[in-house]
Amino acid sequence: MIREMVVVTTSADGQPHVAPMGVTEGPDGWLLQPFRPSSTLTNLERGSPLTVNAVDDVRVFAGCITGRRDWPCVALADGSSRLEAAVTHWQVSVTRREDDPVRPRFWLEVRETVVQRPFAGFNRAQAAVVEAAILASRLDRLSPTKILAELAWLGIAIEKTAGPSEREAWGWLMDRFRAHPELAGQIDVPEPGP
């Protein structure tokens, strides 16, 4: 099972780096597979401490994909940082690494789980924003036809169930899609109302 989470690593200058990523849960623990090249991969290769964060504010996913990476973090005693917006964070250690030319694999062991507040679950619009953020992260790997079809479907959930945060996140993502040369002038997804 892959869970969409937010990974926080530390850059060489000591600053937290926030990145949404799929974390695979398996019988041997968790698996993280950052694409090459990426700041998360660079940080992990340097031995950066890391946390895995569950969030209910989907603006974090959309924001990171659209260049809004300055999400507040809280420093932890082990040198890692957690996302301030996390409902739960896991302090993890890399137990094994397997190199790959595209997506190296890092196996993680959970050392500590901390719940900041209850998670009420996602509504349809929140799930749609996460899916649209994943599409936006793959603009150069997916066909325009696939992206447009997915956005049309996801837009229905936004129109029907979005709150202010989801509307803001959706707007950021639509700007990203409209700016892509292969999609310019083709995004016909209505903006959600107030």
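## Close-up views of the model

View 1. Val-18 sits in strand E2, which spans residues 16-26; strands are DSSP runs of E with at least two residues, helices are runs of H or I with at least four, and both are numbered from the N terminus. What you're looking at is a predicted model, where local features need pLDDT of at least 70, side-chain atom pairs count only at pLDDT 80 or more, and totals for chains, interfaces and linings use all residues. Numbering starts from 1 along each chain as its sequence is written, and side-chain values use heavy atoms, with hydrogens and water left out. Val-18 has 2% relative accessibility, so it counts as buried (buried is under 20% relative accessible area, exposed over 50%, partly exposed in between, with a 1.4 Å probe and protein chains only). Skipping residues up to four places away in sequence, Val-18 touches Val-6, Val-7, Val-8, Val-60, Cys-64, Arg-69, Trp-71, Cys-73 and Leu-83 (contact here means heavy atoms within 4.5 Å).

**View 2. Strand E6, with Ser-81 and Leu-83.** Ser-81 belongs to strand E6, residues 81-83. Is Ser-81 buried or exposed? Its relative accessibility is 9%, so Ser-81 counts as buried. Beyond its neighbours within four places in sequence, Ser-81 is in contact with Val-8, Pro-16, Thr-51, Cys-73, Val-74, Ala-75 and Leu-76. Leu-83, with the neighbours within four places likewise set aside, is in contact with Val-6, Val-8, Val-18, Asn-53, Val-55, Val-60, Trp-71, Pro-72 and Cys-73.

**View 3. The nonpolar cores.** The largest nonpolar core has 36 residues, and Val-18, Leu-83, Val-129, Leu-151, Trp-170, Leu-173 and Phe-177 touch the most other members. (A nonpolar core is a set of buried Ala, Val, Leu, Ile, Met, Phe, Trp, Tyr and Cys residues joined through side-chain atoms within 4.5 Å.) Two or more residues each come from strand E1 (2-10), helix H2 (59-65), H3, helix H4 (144-161) and H5. H3 is the top contributor to this core, with eight residues. Apart from it lies another core, of 16 residues, including Val-23, Trp-30, Leu-32 and Leu-108. As background, nonpolar side chains in soluble globular proteins tend to be buried together.

**View 4. Helix H3 against helix H5.** H3 (residues 124-136) and H5 (residues 164-179) have axes that come within 10 Å and cross at roughly 20°. (Axes are lines fitted to C-alpha atoms, for helices over the stretch in contact, and angles run from 0 to 180 degrees between N-to-C directions.) H3 and H5 are therefore roughly parallel to each other; angles under 35 degrees count as roughly parallel, over 145 as roughly antiparallel, 65 to 115 as roughly perpendicular and the rest as oblique. The contact uses Ala-125, Gln-126, Ala-128, Val-129, Ala-132, Ala-133, Leu-135 and Ala-136 of H3, plus Glu-166, Ala-169, Trp-170, Leu-173, Arg-176 and Phe-177 of H5. Sorted by type, the residues of this contact are 11 nonpolar, one polar and two charged (Ala, Val, Leu, Ile, Met, Phe, Trp, Tyr, Cys and Pro count as nonpolar, Asp, Glu, Lys and Arg as charged, and the others, Gly among them, as polar).

**View 5. Helix H3 against helix H4.** The axes of H3 and H4 are 8 Å apart, and the two helices pack at about 155°. H3 and H4 are therefore roughly antiparallel to each other. From H3, Arg-124, Ala-125, Ala-128, Val-129, Glu-131, Ala-132 and Leu-135 meet Ile-147, Glu-150, Leu-151, Leu-154, Ile-156, Ala-157, Ile-158, Lys-160 and Thr-161 of H4. The residues of the contact of H3 with H4 come out as 11 nonpolar, one polar and four charged. Glu-150 of helix H4 has 28% relative accessibility, so Glu-150 counts as partly exposed.

**View 6. Helix H4 against helix H5.** Here the axes of H4 and H5 come within 13 Å and cross at roughly 160°. That makes H4 and H5 roughly antiparallel to each other. Ile-147, Leu-151, Leu-154, Gly-155 and Ile-158 of H4 meet Trp-170, Met-174 and Phe-177 of H5. The residues of the contact of H4 with H5 are seven nonpolar, one polar and no charged.

**View 7. A cis peptide bond at Pro-37.** Pro-37 lies in the loop between strand E3 (29-32) and helix H1 (39-45). The peptide bond from Arg-36 to Pro-37 is cis, with omega near -10°. For context, most peptide bonds are trans.
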